[in-house]
Amino acid sequence: MKPEKLSAKVRSALIELARQRVSGKSICPSEAARRVQPEAWRDLMPMVHETAGELVLQGILQATQRGKTVNLAEARGPYRLIYISAESFTRTQDGRSDHE
């Protein structure tokens, strides 16, 4: 499979899996890899991490560790992803989103 097509499948899987969860519930990035390439999902993880980072920067997904929002560029270790819907996007007292 061409890298562009594989990347699009990873993106779709991350969004679809996260959207299917009950509001506020998270997915493990490996779930998307397993959906796209069940037999060789580990090989797909670098692409999954890169795509997840792009989706977080675009404001589509939120990355968390131990229930707290994290910046994937700085985070170390396992993380989870949550779909950001308009209803879950809240503001702090200074007007910033709690997802920034």
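Student: Which residues of helix H1 are buried?

Tutor: In this model, which is predicted, the buried residues of H1 are Leu6, Val10, Ala13, Leu14, Ile15, Leu17 and Ala18. The elements that cover these buried residues include H2, H3, E1 and E3.

Student: Where do these elements stand in the order of the chain, and how many helices and strands are there?

Tutor: The protein has three helices and three strands, and from the N terminus on they follow one another as α-α-α-β-β-β. Of its 100 residues, 36% count as buried.

Student: Why is Thr64 called buried?

Tutor: A residue is called buried when its relative accessible area is under 20%, and because Thr64 has a relative accessibility of 6%, it counts as buried. Thr64 lies in strand E1, which covers residues 61–65, and, leaving aside residues up to four places away in sequence, Thr64 touches Thr69, Val70, Tyr79, Arg80 and Ile82.

Student: What makes Arg42 exposed rather than buried?

Tutor: The word exposed is kept for values over 50%, and the relative accessibility of Arg42 is 62%, so Arg42 counts as exposed. Arg42 is a residue of helix H3, and although Arg42 and Ser30 are 12 residues apart in sequence, their C-alpha atoms are 7.9 Å apart in space.

Student: Why is Asn71 called partly exposed?

Tutor: Partly exposed is the class between the two cut-offs, under 20% for buried and over 50% for exposed, and the relative accessible area of Asn71 is 41%, so Asn71 belongs to that class. Asn71 is found in the loop between strand E2 (68–69) and E3, and its C-alpha atom is 8.8 Å from that of Gly53, which is 18 residues away along the chain.

Student: How do you know that the span of helix H3 agrees with its number of residues?

Tutor: The expected span is 1.5 Å times one less than the number of residues; for the 17 residues of H3 (residues 41–57) this gives 24 Å, and the end C-alpha atoms are 24 Å apart, so the two values agree. The helix also has a bend of about 35 degrees at Met47.

Student: What is the reach of H1, judged in the same way?

Tutor: From its first C-alpha to its last, H1, with 18 residues, reaches 26 Å, close to the 26 Å expected at 1.5 Å a residue.

Student: Which residues of H3 are buried, and what do they pack against?

Tutor: Trp41, Leu44, Met45, Val48, Thr51, Ala52, Gly53 and Leu55 are the buried residues of H3, and they pack against helix H1 (3–20), helix H2 (29–36), E1 and strand E3 (80–83).

Student: What makes H1 and H2 oblique to each other?

Tutor: Two packed helices are described by the angle between their axes and the distance between the axes. The axes of H1 and H2 come within 9 Å and cross at roughly 125 degrees. Roughly perpendicular covers 65 to 115 degrees and roughly antiparallel begins over 145, and the angle of H1 and H2 lies between these ranges, so the pair is oblique. Their crossing is right-handed, and among the residues that meet are Leu6, Val10 and Leu17 in H1 and Pro29, Ala32 and Val36 in H2.

Student: What makes the phi of Arg66 worth a remark?

Tutor: Most residues other than glycine have a negative phi. Arg66 is not a glycine, yet its phi is positive, at about 50 degrees. Arg66 is in the loop between E1 and E2, and because its relative accessibility is 84%, against a cut-off of over 50%, Arg66 counts as exposed. A positive phi, near 80 degrees, is also found at Gly59, which follows H3.

Note on methods. Residues numbered from 1 in each chain as written. Predicted model: local features only at pLDDT ≥ 70, side-chain atom pairs only at ≥ 80, totals over all residues. Heavy atoms only, no water. Helix = DSSP H or I, 4+ residues; strand = E, 2+ residues; numbered from the N terminus. Buried < 20%, exposed > 50% of the residue type's maximum accessible area, 1.4 Å probe, protein only. Contact = heavy atoms within 4.5 Å. Bend = angle between axes of the 7 residues up to and from the residue. Axes fitted to C-alpha atoms, helices over the stretch in contact; angles between N-to-C directions. Parallel < 35°, antiparallel > 145°, perpendicular 65-115°, else oblique. Left-handed = near helix turned anticlockwise from the far one by under 90°.
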